[in-house]
Amino acid sequence: MKYVQLIALLTTGVLSAQSPIRIDFESGVPGSLKSSGGELSISPEHFKSGAHSIKWTWSGSPGTLTFRDPASFAKLGPKSGFALWVHNAEPMPTRMVVDLMKQDKVIASGWFWINFRGWRILGSGFGQLGLPSGQAIDSIRFHAPETKSPGNLFLDDLNTNLEFTATQSPEAPWVGVPEGIKHPDSVILSPEDPARNRPWLPKRTQPTDAEKADVTRLSQVFLQTRSAPGKGVSPDQLRSLRETVSSYRIKRDGQTITGRPIDGGTALKPEGFIPYGDYLKTCQAVRNAYHQSKDGPEADELRSMFLDLTAHLLDQGWAQGIRLGAWDNYPIAATNCFYGMRKELADAGLARGVAQALIDNYGSHSSGDFAKEHPSSSMDGLGFWHRELIACALMFPTEAEQVQHLRIAQRFLNLAIVEPNTIAPDGCTYHHGGFHYAYASYNLPRLVQVLRETAKTTFKADPQAHERLKTYVRSLAHTFSAGQQAYNLGMRAGTPMSSGGVATVARELALMGTPDGKDPLDKEMASIALWLMRDEKSGQPHPDFAKEPFKSWLASDIQPLAPSGFLALNGAPIAVHRRDGWTASIAGMSTFWRGLEIYGWTQQNNYGRFARHGSLVITSTGNPPNLKDSGWDYEGWNWCHFPGTTALKFEASRDLFDGYAMYGNSSPLTGGTSLGQDGLWGMQFQGTGTRFQKSYFCFGNRITSITSGIVADKKNQQAPVITTLYQNSIATDSGLVMLDGEPLQAFPMERSVSFEKTRWLIDNKGTGYLIPAGNDPLRLSNKPQEWLYLIDKYLVDPKQNPISPPVTYQNIRGQIKDLTTIEKFYKSTRGNFALGWFDHGPQPKSAACTYTAVIRTTAEQMKELAAKPALEILRSDEKAHIVHDLGSDTFGYAIYQPEEQLSDNSPLRSCSEPCFVMVRRDGHKLLCSLAFTKLKNGDPYPDVRISLLLKGDWQAAPGAAVTTTRKNKSTTLVVTPKDNTPMQWTLGPP
């Protein structure tokens with residue numbers, strides 16, 4: 001017997017204060033193990049750790065095996081548990097009961113279902129078995145499986161008093177099911193029949209002729225097969241494979257197979273294991289060689305080698321409910337080595353076990369995804385794992401099994417895609433806890449390419465899932481200019497993102513046809529795909545337009561469809577306002593989703609902390625309008641000055657540097673609504689550096705910004721709180737800034753402007769700003785700027801990098817306390833910029849800031865607007881921002897607190913909930929819209945009723961999702977949102 005302290009960090013948690021005890025049975029049967037009604041012996045037949053295990057043989061029930069060692073249970077933590085490897089040579093459809101004991105008294109009990117073949121980890125947290133907190137035990141007793149016939153099990157690597165929590169698996173199906181441990185018949189899971197105790201899953205039926213035909217077709221698409229012998233394998237290649245496989249020490253003795261352990265991802269990693277990912281790469285290499293081999297001995301040897309590798313992998317516990325792989329040693333592409341050997345695996349009787357393991361390990365982001373009653377996913381989940389469900393289902397050996405699992409895969413994808421925190425009703429896509437287009441950009445194309453193949457079969461996505469993917473395309477397409485998404489919109493805000501990931505999805509959805517199946521080509525998606533491709537190439541014809549399918553689309557008069565109008569994506573939360581090719585991109589943060597991710601290893605946005613503090617990026621210059629021509633430049637960019645944001649102004653770039661960080665907003669009230677082509681967006685911000693309320697009211701080419709309640713979030717804050725008006729790079733051939741009609745031609749130039757009166761200016765990109773009296777001082781400059789990036793790209797000497805293990809870009813803040821010590825290794829970047837920002841001071845007392853941005857304007861137009869404003873601000877305090885757009889006779893309300901007296905000079909008098917509302921007077925009608933963003937999207941959405949009091953007698957149009965009650969020349973509306981997307985209705989006279 002050998003007792004060893006575990007030194008590795010367990011994948012299921014961290015080591016408890018009382019170090020766990022591990023027994024690997026290499027030195028004999030320990031005295032702490034006693035058998036009743038059976039025998040214990042050391043055996044080399046099967047082993048997981050070392051070269052031996054304990055063979056427990058019983059002659060029939062009631063045999064027991066007891067591990068008694070009071071010292072190992074002396075101090076149990078709240079997360080303490082036990083686990084061991086168990087090998088079963090012959091599956092037994094029955095339970096093995098386990099008791100937790102103290103002085104021969106049973107304190108708590110549980111069980112494991114042992115209808116498996118090969119190795120499995122059996123274990124549980126003590127609390128999961130019902131052990132009361134603080135209760136001591138001194139032994140664990142295992143009962144022989146509930147069968148009258150003799151039998152045996154092999155036990156290895158017993159670990160006690162370690163942090164271990166069982167997850168639901170076929171061996172522990174009761175996990176997560178209330179009272180499930182007490183009712184075995186109601187929770188038992190069966191890999192052979194996934195619908196057992198899962199009434200929501202499709203049952204196995206006799207396949208129809210159509211289903212059989214679809215299975216054949218999909219198999220040809222997704223399962224790569226060896227169609228003909230290859231040209232042969234070189235002697236060196238074959239010798240290398242033999243040496244690698246020989247090092248695994250795989251041996252067969254009849255039905256028994258042994259070899260070195262395979263692991264990397266479990267809580268009980270044996271000594272000397274082969275990393276799971278490395279093992280799969282060997283499987284892949286053998287499969288590739290087999291496909292290259294000629295018929296005869298060479299092919300026979302490689303086939304046998306692959307089957308031995310697979311059989312050993314299955315014996316090692318590669319199955320549903322157990323993950324042998326670690327996330328950093330998990331080659332996703334290796335799945336094709338099994339797909340391409342399906343026939344050989346079926347002939348060897350291994351196909352079912354492989355299929356069961358594949359669908360759980362490759363078709364599931366987390367174990368059991370494919371069978372969940374209420375599935376959800378993420379962008380990586382859909383793009384890497386869940387897209388594989390189709391191929392994994394086809395690996396089963398019989399048509400009935402294939403069809404059942406294809407139906408399960410179809411069900412999963414249909415539900416996961418429309419789950420509001422996978423892809424939201426407004427098209428937002430989630431990963432890492434937030435709206436993350438970066439992940440969607442490459443993952444959704446992978447998924448949709450699979451769905452296009454199933455669209456031709458009875459296993460196609462349903463119309464709801466299909467339509468949700470179209471919503472993603474419509475929404476995301478609205479955010480691009482010249483093939484790029486503005487640098488403030490992404491979760492890793494700070495640099496632009498390409499539109500290619502949306503264009504690909506649009507193309508695939510176009511080829512899938514319409515969701516109702518009536519048209520084989522979805523012309524709307526085709527039009528969006530064409531526009532994205534054309535826009536990506538600076539408005540010029542895309543070279544792929546001469547290829548199919550684009551050539552045929554254009555020939556049939558399908559034209560690129562450019563977006564226009566105001567779009568609020570409250571699941572992000574962002575908004576985009578567009579007209580005539582220009583784009584205004586607004587971005588904030590909400591408490592429900594991570595707003596900003598600084599991911600050190602990408603070295604892209606290490607300084608992006610303030611990027612979504614209510615930023616407004618205007619892309620209006622260039623042909624077509626693009627970010628570069630509109631003022632964005634990475635060289636010399638000051639990351640304290642994202643346009644539109646209210647943030648802190650640090651003196652040195654190092655003060656803003658982050659290696660790894662997630663930022664958010666503790667307030668849930670962020671979002672917007674639209675009416676016609678116009679809209680509004682607002683954010684109540686309580687986050688890093690500052691607190692404020694900020695609203696944008698977008699009408700035509702005018703965007704009015706109101707920020708109120710500006711304060712620093714720390715009393716000792718020394719850096720000034722600022723609101724940035726603009727930051728634009730200066731090109732040699734561009735103009736500079738104009739203030740009240742006076743060109744500020746000097747370069748370099750710095751100037752401070754006060755606001756005893758209303759003033760206006762036009763920046764160097766043609767955007768005007770009308771700034772009313774009462775604003776804090778505005779600092780203007782046209783001058784060179786420097787920014788020091790502490791990233792690899794700007795090393796003075798690439799051979800001298802101060803950031804190398806153990807220091808990384810993710811942990812740098814914890815490893816290097818004073819960043820000035822490494823600044824000498826980097827060269828500073830430099831650029832010429834026009835910059836304008838309001839100075840609120842380091843400790844503002846509820847400061848405010850108001851201005852109207854006018855896109856593509858002239859001095860004459862700004863003079864006219866200053867003399868005759870097109871918009872009236874009715875309220876701008878901490879409770880509400882209310883405006884009246886005079887030309888369209890539209891009122892916009894950003895309501896930050898419930899208010900009984902909003903405004904005497906507008907149609908809406910009171911509102912019972914914080915929300916965003918627009919009301920437009922249109923003759924004898926009122927056109928209304930509302931978005932409520934204080935709750936996270938859910939399915940079902942929480943029941944919320946919002947009461948609005950309107951001046952006058954009004955009646956809702958038939959079918960409107962509002963009710964009206966009239967009294968005393970006023971109308972009370974009750975609105976019930978179904979999610980956080982904008983809803984609209986019309987009111988008319990009764």
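1. Exposed side of helix α18. In this predicted model, E860, E864 and A867 of α18 are exposed.

2. Buried side of α18. The helix spans residues 859–867. Its buried residues are A859, M862 and L865. They cover an arc of only 125 degrees around the axis, so they fall on the same side of α18.

3. What the buried residues of α18 touch. They pack against β32 (702–712) and β34 (737–739). They also pack against β37 (759–762), β38 (768–771) and β41 (847–854).

4. Aromatic pairs. A search of the whole structure gives 42 aromatic pairs. One of them joins W639 and F642. Their rings lie 5.7 Å apart, centre to centre. The planes make an angle of 75 degrees, which means the pair counts as edge-to-face, the cut-off being over 60. Both W639 and F642 are buried.

5. Aromatic cluster. W639 and F642 also belong to one aromatic cluster. The tryptophans in this cluster include W632, W637 and W787. Tyrosines take part too: Y487, Y607, Y634, Y789 and Y794. F657 and F833 complete the list.

6. Charges over rings. R226 lies over the face of Y290, at 4.5 Å from the ring centre. K694 is placed over the face of F692, and here the distance to the ring centre is 5.4 Å.

Methods: Residues numbered from 1 in each chain as written. Predicted model: local features only at pLDDT ≥ 70, side-chain atom pairs only at ≥ 80, totals over all residues. Heavy atoms only, no water. Phe/Tyr/Trp six-rings, centres within 6.5 Å; stacked < 30°, edge-to-face > 60°. Buried < 20%, exposed > 50% of the residue type's maximum accessible area, 1.4 Å probe, protein only. Lys NZ or Arg CZ within 6 Å of the ring centre and 35° of its normal. Helix = DSSP H or I, 4+ residues; strand = E, 2+ residues; numbered from the N terminus. Arc of directions from axis to C-beta. Contact = heavy atoms within 4.5 Å.
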